Amino acid sequence: MKGHHLRIAQISDIHCGHPYFNGELLDHAIDEILELKPNLVVVAGDLTSDGYAPEFRQAKKCLDRLE
């Protein structure tokens, strides 16, 4: 695969629902990821603060911009 590159971006520990969660900062990080045009985006770590359904819905809404 000479000349071909696989670009992987990773984001983790976004902690939706935490008092210090800042959606604008996450949006900025996602903008930066989209500018990289990765082949794959890995979302790892803690998506939510406490694991409640509304927090997961918030995480999904934020991350839906990633394909």
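**Salt bridges and their surroundings**

Among contacts (heavy atoms within 4.5 Å) in the protein chain between residues at least 6 apart in sequence, 79% join residues at least 24 apart. Before going further, note that this is a predicted model, in which local features need pLDDT of at least 70 and side-chain atom pairs count only at pLDDT 80 or more, while totals for chains, interfaces and linings use all residues. Residues are numbered from 1 along each chain as its sequence is written, and side-chain values use heavy atoms, with hydrogens and water left out.

The protein chain has 2 helices and 2 strands, taken as DSSP runs (helices are H or I with at least four residues, strands are E with at least two) and numbered from the N terminus. Along the sequence they follow the pattern β-α-β-α. The C-alpha atoms fill a box of roughly 45 × 20 × 15 Å, taken along the principal axes. Of the 67 residues, 22% count as buried; that term means under 20% relative accessible area, with exposed being over 50% and partly exposed in between (1.4 Å probe, protein chains only). The chain exposes about 5,300 Å², and carbon and sulfur atoms supply 53% of this area, which comes from the Shrake-Rupley method with a 1.4 Å probe.

Now to your request. The search of the whole structure finds 3 salt bridges, each defined as a side-chain nitrogen of Lys or Arg within 4 Å of a carboxyl oxygen of Asp or Glu. In one of them, the side chains of Asp 27 and Arg 65 meet at 3.6 Å, N to O. This pair links distant parts of the chain, with Asp 27 in helix 1 and Arg 65 in the segment after helix 2, 38 residues apart. Arg 65 also forms a salt bridge with Asp 31, here at 2.2 Å, N to O. Since Asp 31 lies in helix 1 and Arg 65 in the segment after helix 2, the pair ties together parts that are 34 residues apart in sequence. Through shared partners, Asp 27, Asp 31 and Arg 65 join into one network.

The remaining pair is Lys 60 with Asp 64, whose side chains meet at 3.0 Å, N to O. Asp 64 counts as partly exposed, at 47% relative accessibility.

Glu 55 is buried yet has no salt bridge; Arg 57, the nearest side chain of opposite charge, is 10 Å away. (For charge, Lys and Arg count as positive and Asp and Glu as negative, while His and the chain ends are not counted.) The side chain of Glu 55 does reach the backbone nitrogen of Asp 50, at 2.8 Å. Leaving aside residues up to four places away in sequence, Glu 55 touches Cys 16, Gly 17, Thr 48, Ser 49 and Asp 50.

The largest nonpolar core has 13 residues, of which Ile 14, Leu 26, Ile 33 and Leu 66 touch the most other members. Strand 1 (8-12), helix 1 (23-36) and helix 2 (53-63) each supply at least two residues of this core. By definition, such a core is a set of buried Ala, Val, Leu, Ile, Met, Phe, Trp, Tyr and Cys residues joined through side-chain atoms within 4.5 Å. Not counting residues up to four places away in sequence, Leu 66 touches Ile 30, Ile 33, Leu 34, Val 41 and Val 43.

Two charged residues stand out for their backbone. Most residues other than glycine have a negative phi. Asp 13, in the loop between strand 1 and helix 1, has a positive phi of about 55 degrees and is partly exposed, at 40% relative accessible area. Lys 37, in the loop between helix 1 and strand 2 (40-44), has a positive phi near 50 degrees and counts as exposed, at 67% relative accessibility.

Note on methods:
Polar contact = N/O pair within 3.5 Å; in protein donor to acceptor, adjacent residues only side chain to side chain.
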